[in-house]
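Hello,

Here is the structure I promised to pass on. Please open it and keep it beside this note while you read.

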Amino acid sequence: MGSLTILLLLPLVALLAVLFLPGGKSGVLRQVGLLATLLQTAWFFAAILPAFLSGDANFMDFRIVEQLQWIRLDLGSAGLLNIEFHLAMDGISLILVMLTVLVLPIVAWKSFDVEKRPKVYWALFLLLDLSMLGCFLAMDFFLFYLFYEFMLLPMFFLIGMWGGARREYAAIKFFLYTLFGSVFMLLIMVGLAFSFTDPVLTAELGRPVYTFNMLYMMPDLTGAFPNMVSTGIFSQGVDLLGMDARTLAFFVLLIGFAIKVPSVPVHTWLPDAHVEASTPISVVLAAVLLKVGGYGILRICYGLFPEAGVNYATVVAVLGMVSILYGGLVAMSQKDLKAMIAYSSISHMGFVLLGIASLDSAGMDGAVLQMFNHGVVSAGLFLIAGVLSDRVHDREILHFTGLWSKMPRYTVFVLIAFFASMGLPGLNGFVSEMLVFLGSFKATGFGMPVWIPIVSVLGIVFAAVYFLRTFRQMFFGEFSYVGTGDAKALTDLTPKEIALFVPLAVMMVVLGLFPGLLLGLMETAVAGYTDLLSNF
């Protein structure tokens with residue numbers, strides 16, 4: 001059994017244990033959930049990372065591959081359809097799996113505060129954990145789709161059952177948006193499977209063996225698709241609904257993943273979901289789940305349809321620019337601290353789209369690094385909002401003044417997280433945004449208009465305005481609280497809260513000073529993508 005499979009088995013075994021435990025054993029349920037996430041982290045650094053570092057870097061940098069025959073359907077005279085339990089890890093998936101295993105123990109410990117229906121909560125949490133890791137590791141499109149769908153249900157219930165006053169509305173909105181994207185993904189996935197064959201099995205069995213293997217759906221070093229059949233729905237030269245079929249598939253998948261990013265104009269589910277979700281679910285939503293959207297655009301949209309990705313890179317860049325500006329402008333008008341952070345997430349995830357659309361190695365490095373950095377920073381920001389919610393059930397920015405004198409340790413962590421999100425040099429947000437802009441300005445050679453990165457720079461200015469204005473309002477001056485909560489409850493951080501914040505703050509500082517720790521892990525994979533795209 002491979003190391004990647006064991007990583008997925010850890011939350012699955014914990015999930016089964018939770019299902020067999022009595023619902024009244026809330027303490028044991030919490031310990032099982034936390035232990036599973038800690039074992040994931042330990043396994044990643046003890047087994048997976050060393051195996052990746054000692055593996056041979058090839059063209060696409062897949063250094064750990066685990067493949068097992070799963071389902072084979074006989075289609076009669078048409079051939080066979082093959083589905084595999086196929087996991088693989090390159091530098092890009094390594095970064096996102098690392099983010100997941102680092103953030104989830106923090107989320108699990110924060111979830112100890114959840115008292116309502118603990119058995120159901122921890123079962124859903126572990127299913128979500130398994131699904132997110134599976135998305136970053138699956139290289140069979142059918143398997144990826146299953147994990148993608150598995151994410152939908154636990155997040156729907158985690159928002160709808162443990163959220164705020166409008167939790168049902170937020171959960172249904174999240175469900176409908178994500179379902180819309182995934183239904184169209186299903187259609188494209190099936191069409192793609194019948195457009196490519198497995199060359200090894202086809203030669204071995206003497207019949208066409210259609211495949212969901214994403215590696216077989218990608219072009220080779222010359223830009224050709226050696227495993228593509230001429231009669232497929234998404235083969236080159238085929239028209240569908242009066243449009244090139246592969247271009248149509250690219251845009252359909254782009255919309256599906258843009259919902260998950262989320263990108264303007266398909267972003268409206270995110271603020272509602274964040275405002276209504278409990279603190280730990282907001283953290284996992286912002287830190288990890290949104291990254292599946294960015295990962296899908298890079299891995300599937302650009303990996304499987306590179307010609308459409310190159311031809312319409314400007315469209316993707318405009319989506320990124322609009323998200324950066326719109327998210328920043330709306331964040332400035334928010335009165336609720338959590339809503340402001342939610343809109344800032346839309347803005348900062350726009351940099352991911354801009355970096356991918358640059359088609360440049362620096363820009364793509366920046367996009368992947370931005371996903372990791374935003375995951376760390378947004379986890380800290382939503383924990384910060386959660387501290388006020390826990391104490392006075394109030395997040396209205398104008399209700400607080402002079403928190404610095406009342407909560408000095410809290411203020412230190414707020415400062416670090418706000419400055420990291422603003423992109424201050426020396427903190428992690430600066431490096432990824434700088435690389436995105438470096439790649440975007442170089443991308444004018446690929447046809448991206450130079451005004452797109454120039455206008456997008458305003459997003460950094462907007463971030464400085466809403467973060468500094470919020471900090472001045474809430475932390476400077478004499479202490480005062482005018483909300484309906486009990487001002488005496490506004491005490492400084494507890495030891496547990498400090499323990500939750502410290503790892504995130506350390507990562508913000510260390511990765512700001514030494515970004516090469518992550519860039520060195522993913523540069524071969526990113527270079528493989530840029531080499532692949534350079535053929536189109």
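**Aromatic pairs and charges over rings**

Start with two residues: Tyr 410 is buried, and Phe 475 is buried as well. Keep in mind that this is a predicted model.

A pair of aromatic rings is described by the distance of the centres and the angle of the planes. The model has 34 aromatic pairs. Tyr 410 and Phe 475 form a tilted pair, because their ring centres are 6.0 Å apart and their planes stand at 35°. Where do the two residues sit? Tyr 410 belongs to helix α16 (residues 408–422), and Phe 475 to helix α19 (residues 458–475). The pair therefore ties together parts that are 65 residues apart in sequence.

Now look at Phe 471 and Phe 476. Their ring centres lie 5.5 Å apart with the planes at 85°, so this pair is edge-to-face. Phe 476 has a relative accessible area of 41% and is partly exposed.

These residues also belong to a wider group. Ring pairs link Tyr 410, Phe 471, Phe 475 and Phe 476 with Trp 404, Phe 418, Tyr 466 and Phe 467 into a cluster.

Last, the charges over rings. Which residue lies over the face of Phe 225? Arg 246 does, at 4.6 Å from the ring centre. Lys 406 lies over the face of Phe 479, and here the distance from the ring centre is 5.2 Å.

Best wishes

Terms used:
Residues are numbered from 1 along each chain as its sequence is written. This is a predicted model: local features need pLDDT of at least 70, side-chain atom pairs count only at pLDDT 80 or more; totals for chains, interfaces and linings use all residues. Side-chain values use heavy atoms; hydrogens and water are left out. Rings of Phe, Tyr and Trp (its six-membered ring) pair if their centres lie within 6.5 Å; planes under 30 degrees apart count as stacked, over 60 as edge-to-face and the rest as tilted. Helices (H or I, at least four residues) and strands (E, at least two) are DSSP runs, numbered from the N terminus. Buried means under 20% relative accessible area, exposed over 50%, partly exposed in between (1.4 Å probe, protein chains only). A charge sits over a ring if NZ of Lys or CZ of Arg is within 6 Å of the ring centre and within 35 degrees of the ring normal.
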